[in-house]
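Below is a walk through one structure, taken a few places at a time. Please keep the sequence and the 3D view open while reading.

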Amino acid sequence: MSYRIGVDSGGTFTDTVLVDERGNFLSAKAPTTPDDVTVGTMASLEKAAKLAGKSLREVLGDTVTIVHGTTQATNLVATGRGAKLGALFTKGYRDRLSFLQVAKGDLAGEVKETISKLFDFDQAQPEPLTDRWLMCDVEERVDSRGEVMIPLNEDDVRKQAEYLRSQGVESVAINFLWSHLHPEHEERAREIVQGVMPGVSVSLSSHVLPVAGEVGRWSTTLFDAYVAPHMRKYIDRIQAKLNDAGFAGQLLFMQNNGGVATPEVVSDTPAQLLVSGPAAGPGHALILGKLHGVDNLVSVDMGGTSFDAGVIPEGEVNITTKTIIDGKKMSLPAIDVRSIGAGGGSIAWIDLGGRLQVGPQSAGADPGPACYGKGGNQPTVTDADVVLGYIDPEYFLGGEFKLRKDLAEKAIKEGVADALGLSVVEAAAAIHAVINAKMGLNVELVFSKRGLDPRDFTLVGAGGAGAVHIAGIHDEAGTRGYVVPKNAPVYCAFGMLYADMKHHYQRNFFSESAKVDLAALNAAYGELEAKARETLRREAVADKDMVLEKTMSMSYYGQNKDLEVAVPDGPVTTDTFAETVKRFHDKHQAVLGHSEASFPTTVVRIAVTGLYKTVPPVLQKIERVDGGPAGARKGARNAHFSKLGGFTRVDVYDGNRLRAGHLLGGPCIIEEPMTTIVVPPGHALEVDAYGNYVQAGREA
Amino acid sequence: MATTDKNVTDRSRMYRDSADRKIDPTTLSVLWSRFDNLCDEIGERVIFGIQSFVMANVRDLGQVFLDHEGKIVSCSAYIPCHLFGAKVSVKNVIDKFKGNFEPGDFIMGNDAYLVASGHLPDWTFVRPAFYNSELIGFFQLRGHQSDTGGFFPGGYSPGAYDIIAEGLNIPAFKLMKGGKYNEEVAELLYRNIRNPEQVKMDNMLVNGACAKAEEGLARLCDKYGVETVKACMQEVIDIGERAMRAEVAKLKDGVYYGERASDWDGVTDKPVYVRCKATVAGDELTIDLSDSDPQCTFINSPLGNTDQSVMTGIYAIVDPKVPKNYGSMARNVTIITKKGTVTDPEYPATVGSCAISVGHCIFEAVQVALNQATTERQIGGSTKHCCPIQIGYDSRIIDPRTGMALSYWAETFASDGSGGGRKGFDGWTGIGTWYHMGSLLRPDIEHYEALFPFVNMKYEILPDWEGAGEFRGGPGVHTELLCRVNPGDPAFMVSGNSDGMVMAPWGVAGGQEPPTVQMYMQSVGEERRWFRTMCQVPIKSGDVLTTYVSGGGGYGDPLDRDVERVLKDVRGRMVTLERAREVYGVVIDPETWTVDVVATEKLRREKKALKPPASK
């Protein structure tokens, strides 16, 4: 027997997926243990082993790969429990990151604030990651050509390092201007700092993110320095615990960019783990899409507090460098997933304009929705879903946990229904509709921003809370169809098993296209390719298995932002360069609604992605049967559908007893052990060969 | 005397009204968000593709969605001066064309008196949005172009003889008529603009982005029905009115005065005053600016700019959640101006710095007046914009768009000061003027230095330049800019976009004022020269411009400031030890970084005893 394991340690639960070489899989959930995450991670693995009828040692002994995703770096930042951080900046720039890094309306990242937020003064400015007195400067200056204006003052560096040591600093970020063109000053400063502070963790901006733009580069470097000591420790501990438990295979970590890396490589730049939580989703959607011959996909994941959506046009997962964390830039390439505060725990409220709003505030896991009976009294999405009969209070998480419908009703009455002059059920239906609309809008935005049409795309995913809503999200976003995977509640853990090893390398390369020096361009690509190869070799990838992909960021001359386009394989020639420029014009037209083929263009930056493509697990097919799903019917209950004018008695099916080919016409409800799928009137789902649910009645 | 229903936002009534229009609350919520979003998307696309340095890097633009009569329905979260002025300017555009629009029209203009949106470099673009050949509404984008003709690039050079010299005056015209490009007018226009290819492409990009928004609106009509979309547009406006009436009703009835000054107009050496008389009567608010100074040069505020400055001031005082649309702007708010004053100038008065100077003073005067009508929402003053511009040629770089030496118009946006304090919150560091509501973005200095022959040597917080208070203003800002132009190439330093040397941001509720702005130039081997606002001087390689820009005004008595906050400010180099003791009455030991509690209590008692009792 040989296993592969995906283990996803999230904010609330740690999910494990165990797949054997025949493609059988099972999944387990255990609570995440924030004080020592390794405990919850091991417990989740233990639970999975038990489900397989074996000891953890037996399972781990037979496991070839464990892919591990963790939100720990995210949580270190969210809870302010990172390293005691010091920083050195170019003279005159120690305050640079104390200023707003993005406009006030963009503080929430890609989710734009409304204009009301601009006029709201009752909020504190986001603070830098460390105290201002631990941000120091040293004499040195390089100019925009990479030439030294003022040499590094080594005495200054020594003096500041001694000061930081006296303050008990554990990690130092070194951030100099133009260091991406002239890294020598930062590198020399590191030597001096390490001499003064033996064993201290040092992050250099010229290594973490060697591109122009000091705010993004430096802020990312501070994040790296902030999480580095803890994450390196965690990486070592979990590796040791797994080894002690009998694991002799390869441990891999899920990175921001949707790829995986070995513990050694990810330890170089632990900032690669900062937003890796939802990164496995899109890759998983892609695999499911392939099963059904669909390559325009959008991956969605609705949990307790957040809803993530990532678009995959023509099978290409988008990468962004514009992540904002707590008002600060994190500019490493990351899977482009748009997250909003919308989940089962989202609270419904009425705003000043009399609009019913749902979220972004969430009741979280504690106290949780009113129906949890843990003291929450604000109405949430889950409360509405219970009132509407979508979720069976007796069968939440497979019955592990009973819900209180009376408390849900009370919260909705007091929080929403009375204020709007609606009945409790009407108010619940409104909450359900508003959250669906909100998620639908979020999905629609991932398209419209990129000039894509939702009607060409299929929704894939769900997450713990999503299966109740996916039909509604689909209706709102106007997508082509939707697929709910059999393993929806452990969506990301499963996705990790499909992730490739993946590393990005980029550098500035500024040239007008008309004057481009192809020899210099190819040499620059050669440098990046060598770096990518070197890293993959460290990860024991054979040269023949490496895939290197080139991209180029281009703009029209004078433009201040750039668009990234793929460069054809092989050395860049006059022809392939012309093809790349054409791709830029086309993309500009599609995304921005305008292009001019005769306008001068420039190359701004180049990048190489080094990949080792994983061999995906092949899943076991389930039995295909003729005839209807009647045998899987486990009962019936009343559920509310506005379209049908109120409550209707609908059939409830047991997902584990459904077989391939079964067609489930709405209205009906399918109960899986860890989630509930609602099929509204007018919708129908068909079970595919692997037990996934595919919207029927049209091609997916 | 207006009758006031203090419960106009009573929710059941609101929904009865919605019911009259047969709109359910869900559809209303959804469509309202989509209207906001259509505006945001135009902005996102334009920011991405635009060549104008300030639009791309500083977000100097704003988008608005209006109904078929030009009533504002929804505004995006961008710079207010590009948003609220649409009430006046789009109305002017509609009137000019007497409602004659067809699908594929794209209108632009900048005329300070005919379009009346503001100064010349901010061009207004309007695209009517049709659905099945029915006019549903308009999208407006206004933004700062790279050039607008005139005697110097950029539109911020003081001293123009008249509005003709200041820049090209463009009455609203159809750059695209029914989807067809207006070749002849365009040729005339762009022939009079520096770097025409750039500006032309930027303009067409705006058209492309607005056309995408029009498609988005059509999809909403497809999905929800055009009558529902139209009904929601009107409902949103009505909700704006009800919310604004409720908020004005919460202000104390009375007549309040506010007076603020701009440094000067660059010609006549005296401050220029804006005077506001605000009358609150029930749920009606009247802002009367008639008593402001007579029109001068360069800083006069055209009507659209005056209107938006007033609204920005009011919106900053009332609950931030009041919807920003025609309903909250025009139905219970009356704005009175007098022809021939700085707030309502007559042709051909120049308007180069209308927003940053007089516009800003209007915004401030409204706030100073209304601060007296509320105790809940008072806020300390913020700095005015203060960050000189560099213009010139760089003969070492040939611009492929023109085939000529690169012409630049540059600004670091590094030196802007901070926001004012407010009950519970310190002012924001370096947010710049609240007039822009934090929507101006500070570009990367590396991006600036890559493009322009200047090096920014200092980018720091300036200790002791905050307005002290229980909740202090944000700190002052200190920058130094080194000139490295190619000897022989023309280069100028322009401070026509800067203000704040005469009148400091105010403090409220016992909070203090910060110092006023200072700037000086240092040439190699020469005496230091003080550099004023509203100036333009030639500069040469090696010159250094130093700026000290004010922090924000404080809120509340500094002797009541939490001692831990004072300690943090001192350790963080925002406040010196001496000032902590003298102004905040806090005694700190710099060796241990601890507060001497006994000495502090004693000192604070003594200082409070010396203060005159607060006047009521």
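T41(A) is buried, because its relative accessible area is 1% and the cut-off for buried is under 20%. The residue sits in helix α1 of chain A, which covers residues 37-51. Leaving aside residues up to four places away in sequence, T41(A) touches V7(A), S9(A), T14(A), H68(A), Y234(A) and I238(A). This and everything that follows is read from a predicted model.

K329(A) gives another case. Its relative accessibility is 22%, so K329(A) counts as partly exposed, a class that lies between under 20% and over 50%. K329(A) belongs to strand β17 of chain A, residues 328-330. Its contacts, again without residues up to four places away in sequence, are Q101(A), V102(A), V215(A), G216(A), S219(A), T220(A), F223(A), T323(A) and I324(A). From K329(A) to L107(A) the C-alpha to C-alpha distance is 9.6 Å, although 222 residues separate them in sequence.

Next comes a strand of chain A. In β6(A), M135(A) and D137(A) point one way, while C136(A) and V138(A) point the other way; all are buried. This strand pairs with β5 of chain A, residues 85-90, in the parallel sense over 4 bridges. Within that pairing, L88(A) has C136(A) of β6(A) as its bridge partner.

How do the two chains meet? On one side are 94 residues of chain A, in contact with 97 residues of chain B. The size of an interface is often given as the accessible area lost when the parts come together. Here chain A and chain B bury about 8300 Å² between them, with 58% of it on carbon and sulfur atoms.

The rule finds 8 salt bridges between chain A and chain B. E127(A) and K568(B) form a salt bridge through their side chains, at 3.4 Å from N to O.

Several elements of chain A each supply at least two residues of the side that touches chain B: α4 (115-118), β6 (135-138), β8 (148-150), α8 (214-244), α12 (405-420), α13 (424-448), α14 (470-477) and α17 (574-592). The largest share, 9 residues, comes from α13(A). By class, this side of chain A has 41 nonpolar, 23 polar and 30 charged residues.

The backbone deserves a look as well. Most residues other than glycine have a negative phi, and most peptide bonds are trans. In chain A, the peptide bond from G359(A) to P360(A) is cis, with omega near 0°. P360(A) lies in strand β21 of chain A, residues 356-362. G666(A) and P667(A) are likewise joined by a cis peptide bond, with omega about 0°. P667(A) is in the loop between β30 (663-665) and β31 (668-672) of chain A.

A116(B) is not a glycine, yet its phi is positive, about 65°. The residue lies in the loop between β3 (106-109) and β4 (122-131) of chain B. S133(B), also not a glycine, has a positive phi of about 60°, and it is found in the loop between β4 and β5 (134-144) of chain B.

Are A116(B) and S133(B) buried or exposed? A116(B) has a relative accessible area of 6%, so it counts as buried. S133(B) has a relative accessibility of 63% and therefore counts as exposed.

Key: Residues numbered from 1 in each chain as written. Chains lettered and ligands numbered in written order. Predicted model: local features only at pLDDT ≥ 70, side-chain atom pairs only at ≥ 80, totals over all residues. Heavy atoms only, no water. Contact = heavy atoms within 4.5 Å. Buried area = accessible area lost by both parts, 1.4 Å probe. Salt bridge = Lys/Arg side-chain N within 4 Å of Asp/Glu carboxyl O. Nonpolar A, V, L, I, M, F, W, Y, C, P; charged D, E, K, R; others polar. Buried < 20%, exposed > 50% of the residue type's maximum accessible area, 1.4 Å probe, protein only. Pairing = 2+ DSSP bridges.
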